[in-house]
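Dear colleague,

Here is the structure for your files. My notes follow below it.

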Amino acid sequence: MKLHIWTQDQENYGAHDWDGKDECPQYWKFKGGEDFFVKGIKNDADATVAVMALRSQIEENSNYFRREVMGWELVANDYMTDFEKSQFEHEGQIRFKAKELAW
């Protein structure tokens, strides 16, 4: 089994014209997300511990950009994300794989 973690990204369009003074304007837009895999996870308890331990490597939060974990699940070792499946079906190969994290 491996752990599949997915995120939601947001970009602050208000920060594009910000001069760095006073408060940064807030105008957040959703921008997709990322997929991450962690190999060797055996059960839900290990998955939860791994996600909590890896959050600092996954999540970001600045005036310009945010990424946060939206969910996770245990999947088979041969599991592919929808993006990976799409690449394989259309190109016969996966050029942009989900990121693997070590835990």
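Is Tyr 27 buried, partly exposed or exposed? Tyr 27 has a relative accessible area of 48%, so it counts as partly exposed (buried is under 20% relative accessible area, exposed over 50%, partly exposed in between, with a 1.4 Å probe and protein chains only).

Before the rest, the conventions. This is a predicted model, in which local features need pLDDT of at least 70 and side-chain atom pairs count only at pLDDT 80 or more, while totals for chains, interfaces and linings use all residues. Residues are numbered from 1 along each chain as its sequence is written, and side-chain values use heavy atoms, with hydrogens and water left out.

Aromatic pairs

The structure holds three aromatic pairs (rings of Phe, Tyr and Trp, the last by its six-membered ring, with centres within 6.5 Å; planes under 30 degrees apart are stacked, over 60 edge-to-face, the rest tilted). One of them joins Tyr 13 and Tyr 27, with ring centres 6.3 Å apart and planes at 90°, so this pair is edge-to-face. Both residues are in the loop between E1 and strand E2 (28-30), 14 residues apart; strands (E, at least two residues) and helices (H or I, at least four) are DSSP runs, numbered from the N terminus. Tyr 13 is partly exposed, at 29% relative accessibility.

Phe 37 and Tyr 79 form another edge-to-face pair, their centres 6.2 Å apart and their planes at 90°. Phe 37 is in strand E3, and Tyr 79 is in the loop between strand E5 (65-75) and helix H2 (82-91), so the pair ties together parts 42 residues apart in sequence. Phe 37 is buried, at 3%, whereas Tyr 79 is partly exposed, at 25%.

Trp 6

Trp 6 lies in strand E1 (residues 2-12) and is partly exposed, with a relative accessible area of 30%.

Regards
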